[in-house]
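Have the structure open as you read.

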Amino acid sequence: MMLPGLKRIRIIHRLRTAVALLGFLAIVAAIGGLLWANHTGLPDSWRTKIEQELSNRGLHAEIESLRIRPLQGIEARGVLVFADEARSRTLARLQSLQLDIDRTKLSRGEVKIDRIDLSGARISIAADPKDPTSEVLDIEEAEGRLILHEGRRFEIQGASGMIGGIRVELDCDLLNYRPNPDPTPEEIEQGRLQRIAMINGISDALEQWGPESPTPPLVRIRSTGDLDESETVRTHIELAGTKLRSRSLEIPNIVARAELRGPALVVHHLEIRTKDGELAGNMEFDLWKHEGRFELRSSLDPATILTDLELPLPERMAGFGKPPVIEARGTVSKEDENWKPQVIGRVEMVQPSFAHLTVDQFNTSFSWDGNQLFLEDAFLKDGDHQLTGRAFITSEEVRYQARTDLPVEFWQNTIRLEKLGKVLADFGGGTDSTVNGDFNGVANLVDRTKWTFNGEVTATDISFRGVPVKRARATLDLSHPSLDFTNGEVTFDYRDYAMRKKYGGPMTGQIEVDRVRFDREPSTVTITKLRGDAWVPPIVRTFAPSMADNLEDYGFHSTPSISADGVVGFRHGASKQDLAVRFSSDRPLDHKFVGKTLTLTKPRGTVRVRPSEVQVSNLSFGVFDGVVRGDFRNTTDGSKKISGEIDWTSLSLPRLSKTYDLKGDLKGRITGRLDFRLGGNSVGDLSGNGHVALDGGELFEVPIFGPLSPVISTVVGERKAGFQEASEAFFTFDLNQGVLTTLDFHTSTDSIVITGDAKVDLTKKTMQMTLRVNARGLLGVITIPLRPFYGMFQFRGTGPIDNPEWENVMFTKPPKQQKENLLEPPKARRIGPPGTR
């Protein structure tokens, strides 16, 4: 029999054993239940309650399955996060997340989520969940903690992840959006479009950061406030990165500090450094009003940045010897879907090049509103030359004002306006050339024929159309229809001019002109009040080179005094042409006439140039020791015709005969007049009519003692003893193709009257001449038997002009033109000693 105390001890021992066994079985059952639950998933009722709790907290999600993670809580797998309670828009897809839930309360149907943890998660955010081809934003290595407080408050602690090539760290303490139970279809669609635009924009920006970047940039974000009242939200953003690479662009350092104050984004500091330069600045931008302001300073090379970022270059891109330095500040706003900037600043460029133009330096202040660009205090330097000025540029035109000493070559290489370019191409310059201009104008960028250029320009040591100029100054008013030069002054450089080298004369010549105007239609040059002392051909060569070639035939030994007015057509065959040039000189000129070059003294006259002829009027000059006056026309159509009238007074026959190679000892002076037509370059092309008077010549030696005259001259030892000289003569004539014909030759001595008719071939230099003599005194005695031709003789001469053969022939009836003079008896004259008249 067992004692009562021992019996109690045994019962207690067995009870303890049973309890321990039941506890072990419960643990095994719990572990088995947990393993079974993790294998099959927690009940759907739990999942539904958790989803409802998340929705109450403003996180609309759909969970694929739940599992219990010992010591960690509940793991939700295959989580879809939606933008609204209707679950019409998917925000993100998560592989898994950890939920801190009281499982005891969950088993009783009570759900309270205090914390959500992520670790090594991958989050995929589709731009448009309904479109499987839309852009997807992946967040790799996502981790962090979401703490859900009572009400709408939540915290994000230690969140981070990789988005593209950027590491993002996030800490937030925010009040969530209040639920909107019934969004309108328009609100849903607007939200969808905003989401697509945002995700696509982020994806495009992240594409620039390749996986090759050895050190991904870091973005730290700290945010507080109420999401339903965006003006209360404060978000601080810091960006930092070193040794970065975006495509081919190496960025050694990037730093940014920004703040989001409700709708206002404030960038306190932004600094980007590359091997070629840096960019620094700050900005403020209102995301609601789409307006803001900014300041920046950049020394980056635009072409290098665009190339390294693999972005397309503009068709016409400027280049630089060193990256340009740009300082700018301004505002930007959005109006009617268009961005409107207002920017002012300054840019400094070293060796900029654009298209065909390269200079050493260009600096300018600028103002830009998106459509109009204003350049102020512009400074351009090229070698030792510079330009200062301003410009106003729109999409249609450029207005400019400048002062410069840039050389001719610069403008020839710069200006591509066709008509103005052709004018500039006619200029030339050397190393000593200078051009100083103060000008303004307009260039139309749409219609290249609409442009103007006004101002005043002074140049030295240049040339125009091959004519060297020592100095030139003019006021300019240039446009496509016309080029107008007024108040012009030109000093020509004659150092290498052929006329000066041939005849001597001054090294320079100077002219002034009130106006020279080139009109595109009808292709004319109008000259008003040109005057000065200069050789004419170089002047004319500046606007009518072919005409200048003709004027080179007038070889002035020195610069004449000239004046000019009129119009010249500069196209071949121009019908509107009438230029008058007046000249005078105390120095001679050389001119080719009838095959010989004559030296003309004190020339003066007027040259008038018309479409097909050059007319010379009021011409006077000295030649052969006499004076010549004339008016004539010279055709310029290639026919080489000269016509006109000319009169001369007291020309020296000896000098004339020497010039034109006339043989014989001609003496005396001639006076006369000629209306002529010259159809070529030879005497055979000469026709016309006129008259000639001889004074002081020796035409004939008449034997006053008849047959005794030779005997008397021998006895007294004087060749001319017993002879009389005919020293005066007069005749009219006609010229036809170089053949001179006269019917009224007349001369006389104290004893005789002589008339004659003749035909002289000036080309062959031959003559046929008949002389009739009415003799009185002793010479008439021998003709007594010849009555009724008492005192009448007739001679005929033929052969070369300088040595004709004369013979006595039967007297014939004289022509009407000779009869009156022939029958007039000679007047008695006193006969002096031999050798006198």
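Helices (H or I, at least four residues) and strands (E, at least two) are taken here as DSSP runs, numbered from the N terminus. Counted that way, the protein has 14 helices and 45 strands. Please keep in mind that this is a predicted model, in which local features need a pLDDT of at least 70 and side-chain atom pairs count only at pLDDT 80 or more, while totals for chains, interfaces and linings use all residues. Residues are numbered from 1 along each chain as its sequence is written, and side-chain values use heavy atoms, with hydrogens and water left out.

How confident is the predictor? Its confidence in each residue is the pLDDT, which runs from 0 to 100. The protein averages 78, and 76% of the residues score at least 70. Residues 702-724 stay under 50, although the model gives this stretch 45 contacts (heavy atoms within 4.5 Å) beyond four places in sequence. Residues 828-837 are also below 50, with 12 contacts beyond near neighbours in sequence. Where pLDDT is low, the predicted coordinates should not be read in detail.

Now for the chain as a whole. Buried means under 20% relative accessible area, exposed over 50%, and partly exposed in between (1.4 Å probe, protein chains only). Of the 837 residues, 41% count as buried. Among contacts between residues at least 6 apart in sequence, 46% join residues at least 24 apart.

Let's move to strand β23, which spans residues 451-464 and holds T458. T458 is buried, at a relative accessible area of 18%. Leaving aside residues up to four places away in sequence, T458 touches T434, V435, N436, R471, A472 and R473.

Rings of Phe, Tyr and Trp (its six-membered ring) pair if their centres lie within 6.5 Å; planes under 30 degrees apart count as stacked, over 60 as edge-to-face and the rest as tilted. This rule gives 13 aromatic pairs. One of them is tilted: F427 and F464 sit 4.7 Å centre to centre, with 50° between the planes. F427 belongs to strand β22 (residues 427-444) and F464 to strand β23, 37 residues apart. F427 is partly exposed at 25%, whereas F464 is buried at 15%. F439 and F453 form a stacked pair, 4.8 Å centre to centre with 25° between the planes. F439 lies in strand β22 and F453 in strand β23, so this pair ties together parts 14 residues apart in sequence. Both F439 and F453 are buried. Elsewhere, F492, Y494, Y497 and W535 form one aromatic cluster.

How values were computed: pLDDT is the predictor's confidence in each residue, from 0 to 100.
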